[in-house]
Amino acid sequence: MREFFLTRLNLTPKFFAYLTLIGGVPLIVASMLSLDTVSETLVHKALVKEFELLASRREQVDLILKQVEFLAESLSGIEEISESVTANQTSVTTYQRLVTEEKIGRVLNSYLNIEGLISIQVVYASGSHYQVGDTLDFDSGDFKPQLFSEAQKKESYLYWPGILANTNVRSDQKYVLPAVKPLYKMNPRTLERKVVGGLIINYSPESLSNYLNNKTTSGSSGRGIFLIDQHNRFVVHPDVTKIGDFIDADLATRLADDDAQYQAGGDGDRVYITQISATQQGWKLISMVPEQKLLMGVGRVEEQLIAIFVLVLILVIWIAFHLSRSVALPIRRVTEAFKKLKKDPRQPDSQRTSRQRLEVEGSGEVADLTEGFNLFLDEFDARQRAQRGLWEAATVFDVTTEAIMITDVDGIITMVNPAFESMTGYNLSEVIGKPFSILRSDRHSAAFYDSIWRSLKETGQWEGEIYNRRKNGEVFPEWQIITAVFDDDNNVTEYIGLFSDISNQKNQEQAIWRQANYDALTELANRNLLKDSMDQEMAHASRKGLKLAMLTVDLDRFKTVNDTLGHDVGDQLLVEVARRIQMTVRKQDMVARLGGDEFTIVLNEINDEELLPSIAGKVLDVLRQPFFLNSHQINISGSMGLTVFPDDGNSFLVLLKNADIAMYKAKQAGKDCFQFYSNEMQADALYRVQMEQELRAAIKKDNFVLLYQPVVRASDGRIVGAETLIRWLDPDCGLVNPDEFIAIAEDSGLIVEIGQWVIEQAIDQLKKWQQEGYCQLTLAVNISGMQFRHPGFPLWLERVLAQAEVDCANLVFEITESVMMENSDAIKDCIAKTKAVGVGFALDDFGTGYSSLGYLREFPVDIVKIDRSFVRDCPEDKNACRLVEAIVHMAHSLDLRVTAEGVETEQQQDFLTGLGCDYLQGFYISHPLPVCRFNERIGKDRAPVLKIPV
């Protein structure tokens, strides 16, 4: 059978059989594997969709519980609640109870959108004191002692004990979700706080269950969503009658092990479990999907695959048939042409190709082709082959671009090609009979040439880079291959050398190396060359027992030069800075530019570290000297960080990182100075990195709140507005003041996102005040310079104000002198566009900058805020009094209003009022207040107030 298939069967059916087999077998295997792949894909996609559904439901659960937490925070701020709990129960009058319940109801009006709210209780340690809503009783007798125990552990958090049963038969609520906020009493002598009561907000689990399971998307399992508390009891269940039941032990074990499969019921049907942590209370959201439901479409896919398999197999057979015919017919025509060649001896020999003779086997097209091929070989003549070879060799010798030189065994040149003449400048007549050493340059030693001859004797070949000399004396690099030619007795008869000019290649390599290791602008070493040099110098210093120092210099106010005078002047400044630094240090020291306006200096072989401050001072001194570029006098300075090898590190990256840390410390210290690296700086840098990560998480979780500090009119003490003050609500530390995180937010760029959140919240609150009748209240918001440098800020602000439909004349942005000192076109344009929208501007911390008077005339400022550092010493310090008086008179002369910050005593208030100061702000007036407390303050002052003129 095998002999028949290989020798007797013609090419067409043979080729057809091969193609059909090759195309059909993989198709069958692919069809068998596709079902498993489809099943796995369906299960994977369904589980991914279930996880996405749970993630969306988790956001809703978190939102509902967050609203309950905000409600508890607002209620706990009502003074009467705290006073009534800390007082004796018998001393609370009926009127006080009614006032407290009325205030609770007023707060509840702001949270009417919390569906499922059952009741609010205020309790003593011994029992209930106030009750608003449905009356509840819990089946756990030790619930209240547990409440105070947990409250002492978690002072600043709500305590969620999980789902509890309500045993009050008169109530419609079978189960309830309580949230507990502890209330404290302060011991005036010891200043210790003690939990004396609690605020309990009761929420309906049935409402949460209906909300989650009535909104299940069509892509879910159809079994609904389950919410389980920390005690493994159902908080949410599609069947509301099972709310409060414990989950079975097998399911609890699966959830604890994060198992994705679960055997449910006696019928053996597998269920896929998807779970996700729902809240910070330790609750879980889960969904369970039957495997049968996930694989509903597999049978239909199997039928489709079989149909596709049949169609593709038919297509493969058809293609194989036609392809075999298309291949076999040309081969037959070639066979016939070979037979014709046998009968026509006039066929030119140049059209024939030399091949090895083949043995003829069997019959058919293959046999005919083999016979014709062998007849073709009979026509070849050995002499014709030799002549063709010589002709081809001569052609290659003349037209090749590589230089060829042939010498005898003694190195005497016997032949060269035209490329040799063009490359070396020597004519054939000038080198024939001359030794090949005529090309030798003085770049190589005698040992180098000895190695060439040794390689030729041992291996018969040498290859490598060599420098030769042209006729005009120019030395050039070339890549040369020398091969020895042997006779039949294995004796060397001649040498053939092939070489090519690699001058361009060497020049390009040099250019690429310089581009990769030097800064194109300043021609200083870049990071790559600095690292290589540092590695060598550190190794040398280690061997010699020496030290070396790395100094990182960052230019101060360089960005201002770029923004005001253009990048061309900025580039010239960088070149001049590089020149001055190089002139200041020693020749053996290295100066590098790592990018931007940052330079690095490496001082080698340091014997006395006490000289480093002197060297650093010299570098900073030359940077302080004025630069005169394009008729501009430019004054800058530098901030420098110093680190020493091996004291501060033993690798390039560690030293560079430590130098940068020290440099940033110098900037924080006021710039134009230097700082040595210390371990404390590393800890501070790590703290800032950790703080930045926590700040990013806080932005995502919306863990910020706004406080409002009243601003009053000095003449009559009436509230005319407020300043918004942001606080970070950290889960571990509580409220964090902005002094601890604003600088980090500005360095990392997060201040833009935080600032937008503050503006949106402030505008929303301003709108609420205007809707409640307080149309003249003005709200001030602190703005960072980074926000003004953002090109899209004016358009974003205009869009937010338009959507809120708020009177923007009541909105004031507070900016510092440092923002205006940048004096860039971008800052000016942004302030002008913002002013055109209708927003006012106040100059904050007035007097702490450098050019206050000039900027008051140039920028559209409406209000001047006297910094608290000036107000603090009034009226005792006469110099401070004169300075404050001068600021007030100067501002009024420019038709500006004045607000004094930091008013903390009655004497300061009287003094500032007597000077004619327009507005006052400080702790004596009021501490920053939550919005509910601020609303109480303005509620006591319902008469019309004047807005701050802008």
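The side chains of Asp556 and Lys667 form a salt bridge, with N and O 2.8 Å apart; a salt bridge is defined as a side-chain nitrogen of Lys or Arg within 4 Å of a carboxyl oxygen of Asp or Glu. This pair connects distant parts of the chain, as Asp556 belongs to strand β16 and Lys667 to helix α20, 111 residues apart. Helices (H or I, at least four residues) and strands (E, at least two) are DSSP runs, numbered from the N terminus. Asp556 counts as buried because its relative accessibility is 0%; buried means under 20% relative accessible area, exposed over 50%, and partly exposed in between (1.4 Å probe, protein chains only). The model is predicted: local features need pLDDT of at least 70 and side-chain atom pairs pLDDT 80 or more, while totals for chains, interfaces and linings use all residues. Residues are numbered from 1 along each chain as its sequence is written, and side-chain values use heavy atoms, leaving out hydrogens and water.

Lys667 also forms a salt bridge with Asp554, where the closest N and O atoms are 3.0 Å apart. Here too distant parts of the chain are linked, Lys667 in helix α20 and Asp554 in strand β16 being 113 residues apart. Asp554 is buried, at 12% relative accessibility.

Asp597 lies in the loop between β17 (590–595) and β18 (598–606). Asp597 is buried but has no salt bridge, and the nearest side chain of opposite charge, Lys667, is 6.0 Å away. In this count Lys and Arg are positive and Asp and Glu negative, while His and the chain ends are not counted. Leaving aside neighbours within four places in sequence, Asp597 has contacts (heavy atoms within 4.5 Å) with Val553, Asp554, Leu555, Phe558 and Leu574.

Across the whole structure, 22 salt bridges are found. One of them joins Asp647 and Lys547, at 2.9 Å from N to O. Asp647 is in the loop between β21 (637–645) and α20 (652–668), and Lys547 is in strand β16 (residues 547–556), 100 residues away. Asp647 is partly exposed, with a relative accessible area of 46%, and Lys547 is partly exposed at 26%.

In helix α7 (residues 249–256), the residues Leu251, Ala252 and Leu255 are buried. Viewed down the axis of α7, the buried residues fall within an arc of 100°, so they line one face of the helix; the arc is that of the directions from the helix axis to the C-beta atoms. Ala249 and Ala256, on the other side of α7, are exposed.
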